[in-house]
Every structure is written in C-alpha cells, then in structure tokens.
Amino acid sequence: MTRRLTDDDGGRFDRALRANAEQVAAGLACQEESWSAGFTRRRMLQGVGMAGVAALASQLVTTKVAYAAGPGGTRNTVIVVFLRGGADGLRMLVPQAAGLGHHYLSSLRPTLVQADADIRTLPGTSGWGVNKGFDALLPLYRTGELAFVPAVSVAGVTRSHFQAQQFLERGGTSAATGWLDRTLAALGPGTTFRAMAEGGVAPTSLAGPQPDLSMNSLSDFTFPGWDGVKDASITAIRSLYRGIDSPLAQDVQTTLSAIAVAERANKSAGAKNGAVYPTGNFASSLSDLATLLRAEVGVEVATVDVGGWDTHTDEAGDLDALTASASAALAAFMTDLGPTRRKRVTVVVMTEFGRRVQTNASNGTDHGTGSMMFLLGGGLARSGVYGKWNALSANALRDGDVAPTNNAFDVLGEVVQKRLSVGSLASIFPGHAFHPLNLARTT
Amino acid sequence: MDVNYAGVLIGREQTAQRGRHAAERPGLSMAAAQAPAVGALPARLTTDQQYHLLSRFSFGPSSASLSQLARLGPAAWWDGQVALGRRYPIYSAHPRIAAAGPLLNRSPAQVRASQKAAGNEYSWEMMDQLTLVTLGLQAFSPAQLYETVVDFFANHLNVSNHADDQTWIRQTMDRDVVRRYAFGRFSDMLVASARNPSMLRYLNLADSTKQLVNENYGRELLELHTVGLAARYSEVDVKNSAKILTGRTVDDNGNYVYRPEIHWTGAVRVLGFSAANTRAAEGQAAGDAYLRYLAQHPSTASHLAQKLCVRFVSDAPSPALVAAVAKTYLANGTSILPTLKAIFTSQEFWRSRHAKTRRPAENLIASMRILDVTPAPDIRKALDGMHWMTANMSNAPLDWVPPNGYPDVAPAWRSSSNFLTLLMLHRGLAQNWWNDIVLAPKNTALYGRTKPATSGAAIALLCTRLVGNPLTPAKRGVLQTFLGEPASTPLAQSRLRWYLDHLVPLILDGPDHALR
C-alpha cells in the first residue's frame, strides 16, 4: 500500500497544527496556574522520567487509544477514557435535589445550571440527574451498566493540567512509571499486543517497562509499501534487530509481531449489531478497539484520550455538545460489542480535575478540584451514584471548588482488582490507603 | 575500532585507565597519552568513523559531506565547518532555503504589517516559515555543525513555536539569540535570551512586575537554562531570581523594553550572587550581572556539559567526560565551540558509535541526506512536505510545548506508530513516492563508479554506502535471504535488478541507521 500525500493530508495537517497551538496555550496556562497555586514544578520534575515528559506533548491531542494485552486469567478488559482539560462534573452529573445543594449551586452559577427539562433524573438515587448529553447512554443505566461517582480527586492534585494529569497517571507517586504499567507488571508477563495511540506515544499511565504498541489507526497499522516484499521485509527487519541492546529493538519486535494480528483483526472491521458511530477520532478509536476486542486478541488494558474539556468560555453549549458526542461514541461502542461481549469490558471515564463552582467572567468556569467519574459496561455492581457527597453550601466548598470526598485511586484500584484480579494494589498505588466504593463485582 | 590517537584527553579517571588503553592499542604511545587534555583526534578516519562523526556533528552523512570529510580529515573538517558557520551566519548558508523564510529577517512590527497586508494579521505564516527554514537547513545546509549547535540550544532555551502570543515575535529568539550566539559565548546567549520578547512572553517574564511577581522565568532560568536542580537552590532563591529580573517586558510593537517603574528594588541573593539593587534605573544592569554570574557558575558548566554529552556522545556519558567538558567551558569563558571541541576530541566520543537513537525527525533527515535527495523545485511545497512528515511523528522542530526541549534519550521515543511511519518514509524516499517534495537519484547510483560483480558484493557495498560498514556476515546473510538468491549470483542475473528499490529502505530500517 503506497501512502501518498493528498489534499486531505494537508487538511489534517492543518488541524494538527491548530491542535498543537491549543497544546501550547494549555501548556502555558499550566505554567501560570502553577504559580498562582504555589505549586513547585521542581518537586515534580525531580520525579518525572524523560519518558513521561515526552508524553506531555501529545497529552492534549483529541483522541488517543492505547491498549495492553496479557495472558491474565480473567479475559476481562478495563478501558480508561481520559477527558483531557478538566471536565466540569457539576454540569455533567447534576445535584438536582434540594438536599444535594442545588439552590446553592444555582446561586453561584445561574447560567450554567440547566433547567429541569434538560436534566435526566437518575432513578434510585438521592436526587441526582445527568446532562441531557448522556441520553445515548441512558439505556445502559436501565440495564445496570452505568454508574457515576461525584466529587472525585486525589490529595496532591493541583489546578495545573500538567501536574494533575501526571500525578493521576503516575498513581500519585514520583515514579517514572504509570499506574497501568504497574498493573500490567503485577498481572505478569504480557503478550505482544499492547498499546495503540493516536498521535504517537502512549499516555503516561502506560509509561514504563511493559512493552507498548501505539497506532494512529488500526487500518494504518500495516507494513508500508509493496505487498510482494512485505513478509520478507518483516522477517529481515526482525533478524536485523536481534541481539541489539536498545529499547528500540524490543519495540521493533513488538510492533512487527502485532502487524499480522492487526491486519487479521482489521479484516473483520466495521460496526456490528446495528451500531452507528459518530464521526471523529474518539469514535474511530473506539471502533478500532471494538474490532480488536471482537477479534479476541487478548486486550486487557486500554486507554483512550479525548481532548477539549477545558471550558473557560461559553461552557454550556460546548460542554453539552462534548458530552453528547462522547456519549454517542461510547454508546455506539457498547452497541457494537453487543450485550454478551461487553460483559467482559468495563470502561472508566475520568478527568484531571473539576471546575470552580462559580461561573467566571466569560460564561465558563476556571480550574477547580473535585470532579466526577463514570463507569459503563460489564462488571458493575449496579447502576447508580456511588460515593460520599457533601451537600453544596458556602461551608462545603474548598477554595471555591467542590471538596473531594471520593478518591480516584479507590475507583481505579477497585476496578483493576475486581475485573483483572490484579491482587494487591500496593505496587500500583503505593502508600494509598484503599477504601473501595463497592461499585464493581468480580464476576 | 582501529584508531591511532595522537593523544588522549579527558579527566583523572580515564587517565588512570591509560595503561589499559595503551595495552589494548599498540598505536597509542605513553608519551602521547600524557599530552594535554585537549586536541586528541584520530589521524585518519575509517569509513565507519566518518559516518559516526557526520551522524553527530551533522544531521547525517551525504555523499558530498563524506567526500569532503575524507579529503580534509577530522581536524580540518572541524575548522572548515567553523569557518562556514561564521562566514554564513543565521540563515545565509543555503540561500534557496533562506528564501523560503522572507519574514524571518523582519522585526515584529514588520511581520505584523506584512501579514496584515497579505490578508491576515494573525496568520501563522512567519512561524510556519521558521519551522520550514529550520527543517530545510538541517537537511540541506552545508554548515551542518552550525545547525547541530543551533538545534541543541533551540531545545536548551526552548520556546514553543506556533502559539498565538508568538505570532510576530518567535523569529527573534531564533535569529537574535540562538543563531546569533551559537558559535559565541553561552553567557551572551543567555543575556540575549533574557531580553528577548519571544522568551519573555513564553515564560511570562513580560507579565512580571514588582507588585505581582511571576516566578515562571526566574525558576526555569535556574532549573533548565543554567545551574539545574543539582545546584540545590532554595525557593527563596527562586523568588529572588524572579524579582531581580522584573522590569524586563515587551512593548506594543513586540520589542523588548526595560521599564524601571515595574522593577522590584531591594537586596537580592541567589546562590552566591548578591546585589543591593537599590535603584530601579540600574535594575537591568543588576539583572545582567546576575545572568552572567549564572552562566559562569560551575553548576551551569556541569549541567550544560551533561546535556551536550547526552546530545553528542551517549545517553549516559561518563562523569569524567562531563567533568572535562565542564572544565573546558569554564576555562574558555563559556565559549561554546571550544566546549564542543572537547567532546569532539574525546576518546569517549570516538568510541560511542551507535550509542544514540535517532529521534524521528533526525532519522527522516539522515535518510534524506544519505540518499542524496534534493528538494523539489517548488521549495515551499518541499519544506511543507517535510513539516508534515516530522509533525506526523510529533517531532517537528521547535514545536515542543513544555520549556525543557525535546527529550534526547532513547526511551522517550519508544513508539510503534513512529517506527511504522519511518518504514513508510524510508520507502517513500527510496522509491520517490513524493517527487513534488524531494527527488532521490536512481538507487543504482548508490553503487558508485564500479558496479559490484555479484549479489553478495552489492549487498556489502550498499550497506557500506548507506550505514558506513558492510555489516556482519550474519546480517548480510539476512539481506541475502531477503533477495532469495546466493551471494555468488552475478549482478546481471540478480533479483537486485527489481528488488534494489526494496533493499535500500530495508537497510535504512535496520539498527545501523536507526542508531547514530
């Protein structure tokens, strides 16, 4: 297959450039934020290995998928979706009842609290509702496959995108490895198929010695050039790298081994069960992932990134649209997998921090603390809202933010422990006192 | 490696090992080993050593640069590169590439006016031109040593290109700071960077005032640009570092200006530096004195020496080499070229073949150079294509976002998608898929004047031509198997008649090209 530059490549390139500029702006915003929060970058950089720093450049790209596969016994898959930019939990999972602090919320952000008609009340909860953008996912709530956790954060996370993402992805340590990499290490030796990433490098959560595989897309993950010499070329390259003492040598073997698997899986690409994916990188990444899961290549851990959640201006329209489009993609993914296959797939959606409760001067919100997580797919105890919540009030806020009452590592830890049988979490979230929310089940 | 050293260099630890080296190397006399710690070079270079040198102090060997090096020898090659860089500074070493960046020689106000006249004041045209010219010079400029030094310091004093607040000013950092002082003194480069609108915006010094100090630049100056974390400065040092530099800002025309009315006054101490700093009118001079103090600090010498050795020698250079390079830096008043020459003339450098992994963009450019490609007649289209190729691997020059520059060690670049992209680029270049971007000569030209007689001889010749050595018999056997014919097959009957275009990229895919 000969790859030639086309006008479409030019358009994509232009978009990539613009996306890069957003990264630059976000990077600078992080810098400024770190001063106002009194955060010392010094401490963090001391603990950050070069690999982690490398990952930063593409951290805010629109979509990114990485998956890891191993021979672990459960045949289950955990997918971590990271909403980059700091998603506003309060407009996604709304404390709709008076008892949850709805009046106080409305007083601080009158233009950002939806009318009741635009909130979908969640049955069986103490008065929670969700953004209407979740409509596509609500059928999963009725089948016990959708759960939410409000007021999530981890002590040590600041209002800097850079620091917060790194801190969460490293599992709260200063180690150079990510929490998912350590999960894979704890699960034992992995197989060939590991990481798939839009934009080049795997996210920090997968940084570390476990072999990584990154892809722009499943259909591009192929040997370039004339098919007539493909197999002979692959054989030759593998032999040329044998015995070379370099990280490159390991990656080359992993990559070349994966080509055949990727190509085989790609032959059965295409949505099943009547699923219709929306356009966009996130959806196409999930579609690729569904193809790989159906092909049973042994994916155990996957990460997908979605950018654009940094809603400093005109939040209502932007956030609702983002929520709707992410929900549509996730709903298509679940439909694509079908009710049986998705029993072995648990998706955890997280973000680096929540946003200030009060609206800012631009009808948006600035960086805050407590946010929300949501989980979907198989392996949940039941649908619902989990965790502790302090009704919103002047006293309940912390520096104008939702005070975190639920710990992100408790959620992530419980999911990999119960779904992947990872055993002890001591090496995955070192020093963290584990208090599961009992939202997942082992079977 | 069979080397005849005229002498050896470096610090105590290596001197202590001298006897062992001498024993291993009959050509190395004890008298030579006791020579002063600078200026030792192999008298003559093997082909592999030529490739080594040109893969480190240039963006990769080309036919032209190889024959020039073979003619001159390493010492005269170095002097010639220094002369070239001095004679043709900034962008002038390759006029055709320079012509692709007309806005780069303009002032911020002129860039703004020019872009406005072209229809979009806020266009990224100037920033695009900077990326394009940088890529073009890395690939095609004859002043290769200059480009490698520029690349190092552009990353050391990183300012991310392609950001809205850099729209009319980013060229000033490249032109007036990095390129201007690349062959000069680091102290001058540092002082210029602390008066550069692009840097001041990027690290927020432009916003820092005595009422509201922004510590960003003051901290990165210590952590990244000069002494590094190993100097163990305190948070008070960081605050003082920021305070003494207040007043440095950017005017409405995008030019640097010092405004005494926003300069913080009062006594300042940072590490061993102190200033009374009582008069705002003298605040800029006090800041310059602080910057020059930092540039000459032993911790800065060590920090810079470590980074230079990581760039030019290996991911884990020996402490002895780093110490020797740091010593040279201080002994030469922070002059960059003598510091680099200490690396160039070190045994450790000449023994570090293949100790570095090429970053994705370096692999692309080295592939272009070794295949002797030329940019297509539409130079803008050619450079746009190269920009697309490097950006596709998240490695377009000057586009690293955080202030620490692109990482320079192998583990940071582990990526299967980049590897597959490089396989695609090797094939595209060797098979001329993109002849509106770059043109490669026919691959039969790689044989040179005398065509090899057999398939086996052709493989050995091609490997030597492309990666500097004929590879081991086992690896040549791998390529022979790829061709599917015995080594003794006469070239006239060889499958190379059809498979040459597939064998060439295969050699570039291998570790002898991926590592430098």
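Is B:Q166 buried or exposed? Keep that in mind as you start the tour. The model is a predicted one.

**Stop 1: B:Q166**

Select B:Q166 in the loop between α9 and α10 of chain B. Its relative accessibility is 0%, so B:Q166 counts as buried. The cut-off for buried is under 20% relative accessible area. Next, draw a distance from B:Q166 to B:L425. The two C-alpha atoms are 31 Å apart in space. In sequence, B:Q166 and B:L425 are 259 residues apart.

**Stop 2: helix α10 of chain B**

Move on to residues 170-181 of chain B, which form helix α10. This helix has 12 residues. From first C-alpha to last, α10 reaches 16 Å, close to the 16 Å expected at 1.5 Å a residue.

How many of the 12 residues of α10(B) are buried? The count is 10, so α10(B) is largely enclosed by the rest of the structure. Colour the buried ones: B:R170, B:Q171, B:T172, B:M173, B:D174, B:R175, B:V177, B:V178, B:R179 and B:Y181. Then show some of the cover over these buried residues. It includes α7 (108-117), α8 (125-140) and α9 (144-156) of chain B. Also among the covering elements are α11 (186-193), α12 (197-202) and α18 (336-344) of chain B.

**Stop 3: B:A331**

Select B:A331 in helix α17, residues 319-331 of chain B. B:A331 is exposed, with a relative accessible area of 65%. Draw a distance from B:A331 to B:R180. Their C-alpha atoms are 22 Å apart in space, and the two residues are 151 apart in sequence.

**Stop 4: B:L224**

Go to helix α13, residues 216-225 of chain B, and pick B:L224. Is B:L224 buried or exposed? At 12% relative accessibility, B:L224 counts as buried. Leaving aside neighbours within four places in sequence, the contacts of B:L224 are B:H156, B:H303, B:P403 and B:N404. B:L224 and B:T300 are 76 residues apart in sequence, yet their C-alpha atoms are 9.6 Å apart in space.

**Stop 5: helix α16 of chain B**

Select residues 298-312 of chain B, helix α16. Its 15 residues should span 21 Å at 1.5 Å a residue. The end C-alpha atoms are 21 Å apart, which agrees.

Colour the buried residues of α16(B). B:S299, B:T300, B:A301, B:H303, B:L304 and B:A305 are among them. B:L308, B:C309, B:V310, B:R311 and B:F312 are buried too. That makes 11 of the 15 residues of α16(B), so the helix is largely enclosed by the rest of the structure. One buried residue here, B:H303, is a contact of B:L224 from the previous stop.

**Stop 6**

Most residues other than glycine have a negative phi. Which way does phi go at B:L398? It is positive, about 70°, although B:L398 is not a glycine. You will find B:L398 in the loop between α21 (379-392) and α22 (416-430) of chain B. At 9% relative accessibility, B:L398 counts as buried.

Now jump to B:L471. Its phi is positive as well, at about 65°, and B:L471 is not a glycine. B:L471 sits in the loop between α23 (455-467) and α24 (473-483) of chain B. At 12% relative accessibility, B:L471 counts as buried.

**Stop 6: zoom out to chain B**

Of the 516 residues, 65% count as buried.

Colour chain B by charge next. There are 53 positive and 39 negative side chains. The centres of the two sets lie 6 Å apart. Chain B exposes about 18000 Å², and carbon and sulfur atoms supply 54% of it.

**Stop 7: chain A**

End with chain A. It holds 13 helices and 11 strands. Of its 443 residues, 62% count as buried. Chain A exposes about 15500 Å², with 53% supplied by carbon and sulfur atoms.

Conventions: Residues numbered from 1 in each chain as written. Chains lettered and ligands numbered in written order. Predicted model: local features only at pLDDT ≥ 70, side-chain atom pairs only at ≥ 80, totals over all residues. Heavy atoms only, no water. Buried < 20%, exposed > 50% of the residue type's maximum accessible area, 1.4 Å probe, protein only. Areas by Shrake-Rupley, 256 points an atom, 1.4 Å probe, with all protein chains shown as cover. Lys, Arg positive; Asp, Glu negative; His and termini not counted. Charge placed at Lys NZ, Arg CZ, Asp CG, Glu CD. Helix = DSSP H or I, 4+ residues; strand = E, 2+ residues; numbered from the N terminus. Expected span 1.5 Å × (residues − 1). Contact = heavy atoms within 4.5 Å.
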